[in-house]
Amino acid sequence: QYQQQIDKRDVAGAIVADVLGTLEKFCQSMPLDWMFNLDNQQKGIDFISALLHLLQEDTANIQVLSVACLQQLSMRKLEQDQWFRIISSLPSALFQASNAAAKRAAERGL
């Protein structure tokens with residue numbers, strides 16, 4: 001039972017990692033209003049929020065791929081508010097990622 005759950009997690013992680021690998025390429029040229037949800041119809045529902053949340057995941061190096069996507073976005077010519085959005089969101093996202101890693105380490109007895 002436990003091993004089945006681990007296997008499901010690993011398969012799902014591999015799928016997300018594949019998607020992030022493709023998304024990294026999209027981040028180089030995808031319209032920024034898609035990435036940043038500039039119309040603000042649904043606050044907090046955009047690619048940036050998802051990428052910042054994925055910094056908490058260690059399965060299949062998802063957090064590394066998420067950073068690669070954020071890096072591709074940050075290398076583009078961004079408006080001041082877009083750049084500020086990424087920079088101001090990073091401290092809390094990194095804090096949450098650190099807490100998630102500490103919790104996993106404690107659960108594993110490390």
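Visitor: What makes up the largest nonpolar core, and which residues have the most contacts inside it?

Guide: The largest nonpolar core has 20 residues. Leu20, Phe36, Leu51 and Leu73 have the most contacts inside it. A nonpolar core is a set of buried Ala, Val, Leu, Ile, Met, Phe, Trp, Tyr and Cys residues joined through side-chain atoms within 4.5 Å. Two or more residues of this core come from each of H1, H2, H3, H4 and helix H5 (80–108). H4 gives the largest share, 4 residues. In soluble globular proteins, nonpolar side chains tend to be buried together.

Visitor: What kind of model is this, and how are its residues numbered?

Guide: It is a predicted model, where local features need pLDDT of at least 70 and side-chain atom pairs count only at pLDDT 80 or more, while totals for chains, interfaces and linings use all residues. Residues are numbered from 1 along each chain as its sequence is written, and side-chain values use heavy atoms, with hydrogens and water left out.

Visitor: How many helices and strands does the protein have?

Guide: It has 5 helices and 0 strands. Along the sequence the pattern reads α-α-α-α-α. Helices (H or I, at least four residues) and strands (E, at least two) are DSSP runs, numbered from the N terminus. The C-alpha trace spans about 45 × 25 × 25 Å along its principal axes.

Visitor: How do you know that the span of helix H4 agrees with its number of residues?

Guide: The expected span is 1.5 Å times one less than the number of residues. H4 (residues 62–74) has 13 residues, so it should span 18 Å. Its end C-alpha atoms are 18 Å apart, which agrees. H1 has 25 residues and reaches 36 Å from its first C-alpha to its last, close to the 36 Å expected.

Visitor: Which residues of H4 are buried, and what covers them?

Guide: Ile62, Ser66, Ala68, Cys69, Leu70, Gln72 and Leu73 are buried in H4. The cut-offs use relative accessible area: buried is under 20%, exposed is over 50%, partly exposed is in between (1.4 Å probe, protein chains only). The cover includes helix H1 (2–26), helix H2 (32–36) and helix H3 (47–53). In H1, the buried residues are Ile6, Gly13, Ala17, Leu20, Leu23 and Glu24. H3 and H4 are among what covers them. Across the protein, buried residues make up 32% of the 110 residues.

Visitor: What is leucine 73 in contact with, leaving aside its neighbours within four places in sequence?

Guide: Leucine 73 is in contact with Cys27, Leu32, Met35, Ile48, Leu51 and Leu78. Contact means heavy atoms within 4.5 Å. For the protein, take contacts with a separation of 6 or more: residues 24 or more positions apart account for 68% of them.

Visitor: Why is the pair of aspartate 58 and arginine 104 called a salt bridge?

Guide: The rule asks for a side-chain nitrogen of Lys or Arg within 4 Å of a carboxyl oxygen of Asp or Glu. Here the N to O distance is 3.2 Å, so the pair meets the rule. Aspartate 58 lies in the loop between H3 and H4, arginine 104 in helix H5, 46 residues apart. By this rule the count comes to 3 salt bridges.

Visitor: What joins Asp58, Arg104 and Arg108 into one network?

Guide: Salt bridges that share partners do. Arginine 108 and aspartate 58 meet at 3.6 Å, N to O. Arginine 108 lies in helix H5, so this pair ties together parts that are 50 residues apart in sequence. Arginine 108 is partly exposed, at 49%.

Visitor: Which salt bridge does aspartate 10 make?

Guide: Aspartate 10 meets arginine 9 at 3.0 Å, N to O. At 33%, aspartate 10 counts as partly exposed. Arginine 9, at 38%, counts as partly exposed too.

Visitor: What makes the nonpolar surface patch of about 280 Å²?

Guide: Val11, Ile15 and Val19 make it. Patch residues have over 30% relative accessible area and no salt bridge, with nonpolar side chains (Val, Leu, Ile, Met, Phe, Trp, Tyr) joined within 5 Å and like charges within 9 Å. Valine 19 is found in helix H1. At 49% relative accessibility, valine 19 counts as partly exposed.

Definitions and conventions. Areas by Shrake-Rupley, 256 points an atom, 1.4 Å probe, with all protein chains shown as cover.
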